[in-house]
Amino acid sequence: MATDTARKPDATRPAAPAPVGRRAKNPLGVFGALSHVALLVWAILIVGPIVWTFLSSFKTNTEIFGDAITLPATFGWDAWGRAWEKAHIGQYMLNTVFVVACSTAGTMLLGSMAAYVLARYTFPGNRLVYFLFVSGMTFPVFLALVPLFFVVKNLGLIDTHLGLILVYIAYSLPFTVFFLSAFFKTLPTSVAEAAMMDGCSHTRTFFQVMMPMAKPGLISITIFNILGQWNQYLLPIVLLSGNVEDKWVITQGVANISTSAGYEADWPGLFAALSMAIIPVMIIYIIFQRQIQSGLTSGAVK
Amino acid sequence: MRQGKYPFIVGFLAAPVLLYVVFVISPYIQAFYISMTNWKGISANPQFIGLENFTRLFDDEVFWAAVRHHGVLLLVMPLVTIVIALFFAFLLNLSGGQRGGRMTGIWGSKVYRVIFFLPQVLAVAIVGVLFQAIYRPDGTGVINGLLGKVGVGPVGWLIDPDIALLSIIAVMVWQAVGFYVVLFSAGMSSIPKDVFEAAALDGAGRFTLFFRITIPLLWDTMQVAWVYLGIAAFDAFALVQVLSVDRGGPDNSTTVLPMEIWRTAFNFSKFGYASAMGVALFFMTITFAALTLRVTRRERIEF
């Protein structure tokens, strides 16, 4: 490994004659080697636990309660079947896909509508509405928890997917509006003006002219919302109680298996459930990693 | 501007504003009022009791334990995360020397970046369940299994009150580092390359480049990171709820305010008291953010 880095030109002494004993004369070789060790160790720390979880899903209960650092004796998919069927991971997964699909679509539609109007139209109260939205980013959600529960309950939406979807949308709006209104402001006004000249209505201008132009911003923030809502744990455990286990989302379901599991429990099943919760996210991450990284960090580097 | 502007504005704003006011603004406002009532149980009739809940908070040991834990989280978690992330971001972006006039990262930096960021896309609750198995107190846990191989006795990562909180902080760092590596990388790539060139020509080594050039020019990004991590230090709910023994245990040694708010409200049905904790949490978060922005303010460097 040291030779890999030593091959690169030395930044600090460009004019130095070619070193003879590279390792001895060039302290950066050692530095490079140490850097690689540090990076490699951290990479193993990240990947290790996840790989171990996959492997554990193929073990038997006895193997799991033996030495942790062994491979499973046989690779069978029994535990995966049990987790999917008996532990209802399949059901939880479908619920989550349904809820997140609806709430992300809703967030994007309502968020971009509000952001567009706030960014491109002057009217009395514009700043007030904008700051109302943006202030939502500074409040900890735990402050609202008790009243939120009762608001949802009084609307008859407790223990329903609709309630969860509406709450997800409402709590995703501050950041979405904040981000997208900044984005709409950067778009040129001339195209929209031309469309309006040609008799295009405000609504049509928004959907057919502005939305396509805002695509890069919309994609980043969509990814941000999908991940945030997919990984949400607090709101589901408050809004979907134990009475409606068939409506639970994946994080809730997996956490519940682990807390209710005693020593009698189906541990390989738990690991299979964990793997099933991790794998789809991981595949999507690997495919879209560039967009996801920029989508998630875009909020911070504005 | 032209006809139909106001109907259009109202039409576009009505639904989002309504939803937002009903589910976000109104609960926040109600929370301040509820915190001054003795509301207990679902059907009971709450009465206004002024600041009594807050005076009770002052004598509540669990509350102070939670506040202390936020203090520890706030000191340790952001610092460790930022140091590790800065180090890796530097290695990945700037330590490979110059090639074609550009500062380059170390060999394999793209792969490392993808791997490091991975925990960020996993749900905190899922990560919590994962680390329960990693931290198991006997040889069946991954860490103790490995320690056993080198002859070190098992450590009760989560059941020893002295280290339980640190074990949880380690998981937070594990998950957060990748995000800040990417964030700092973006910051580093926006530093003009001639700054590094000039420094390198003047004979600056890697350590000088890191401490004298990179860190000062990255100050803004680091400040953002500090605020983000600080706000995360006031949360920690999902991890404590899923990972810790007895949800905040052993002996309240890992509990945090969000955990206590949730428990007080939904296990004990003391809604007034829970809201008072919420208000306390709110003021702590706001104070932290305001203080950070004030204390760390420096003259902005424009490129």
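**Figure 1. Contacts of B:Ile126 in the predicted model.** Leaving aside its neighbours within four places in sequence, B:Ile126 is in contact with A:Thr251, A:Val254, A:Leu274, A:Ala277 and A:Ile278. The model shown here and in the following views is predicted. The largest nonpolar core has 164 residues. Within this core, B:Ile126 and A:Ala273 touch the most other members. In soluble globular proteins, nonpolar side chains tend to be buried together.

**Figure 2. The contact between chain A and chain B.** On one side, 74 residues of chain A take part. On the other, 85 residues of chain B are in contact with them. Helix H1 of chain B, residues 5-34, supplies the largest share of the chain B side, with 20 residues. By type, the chain B side that touches chain A divides into 62 nonpolar, 19 polar and four charged residues.

**Figure 3. Chain A and its helices.** Chain A holds 16 helices and zero strands. Its length is 302 residues, and buried residues make up 42% of them. Consider the contacts in chain A with a separation of 6 or more. Residues 24 or more positions apart account for 72% of these.

**Figure 4. Packing of helix H7 against helix H9 in chain A.** H7(A) spans residues 126-135, and H9(A) spans residues 161-186. The two helices pack at an angle of about 125 degrees. Their axes are 7 Å apart. Angles over 145 degrees count as roughly antiparallel and 65 to 115 as roughly perpendicular, so H7(A) and H9(A) are oblique to each other. The crossing of H7(A) past H9(A) is left-handed.

**Figure 5. Residues between H7(A) and H9(A).** H7(A) passes H9(A) in a left-handed crossing. From H7(A), the contact is made by A:Tyr130, A:Phe133 and A:Val134. From H9(A), A:Leu173, A:Pro174, A:Val177, A:Phe178 and A:Ser181 take part. Seven of the contact residues are nonpolar, one is polar and none is charged.

Figure 6. B:Val76 sits in helix H3 of chain B, residues 61-93. Within 10 Å of B:Val76 lie 17 other C-beta atoms. A buried residue needs 20 or more, and an exposed one has 12 or fewer. B:Val76 is therefore partly exposed. B:Ile169 is 93 residues from B:Val76 along the chain. The C-alpha atoms of this pair are separated by 7.8 Å.

Definitions and conventions:
Residues numbered from 1 in each chain as written. Chains lettered and ligands numbered in written order. Predicted model: local features only at pLDDT ≥ 70, side-chain atom pairs only at ≥ 80, totals over all residues. Helix = DSSP H or I, 4+ residues; strand = E, 2+ residues; numbered from the N terminus. Contact = placed C-beta atoms within 7 Å. Nonpolar A, V, L, I, M, F, W, Y, C, P; charged D, E, K, R; others polar. Axes fitted to C-alpha atoms, helices over the stretch in contact; angles between N-to-C directions. Parallel < 35°, antiparallel > 145°, perpendicular 65-115°, else oblique. Left-handed = near helix turned anticlockwise from the far one by under 90°. Core = buried A, V, L, I, M, F, W, Y, C linked by C-beta atoms within 7 Å.
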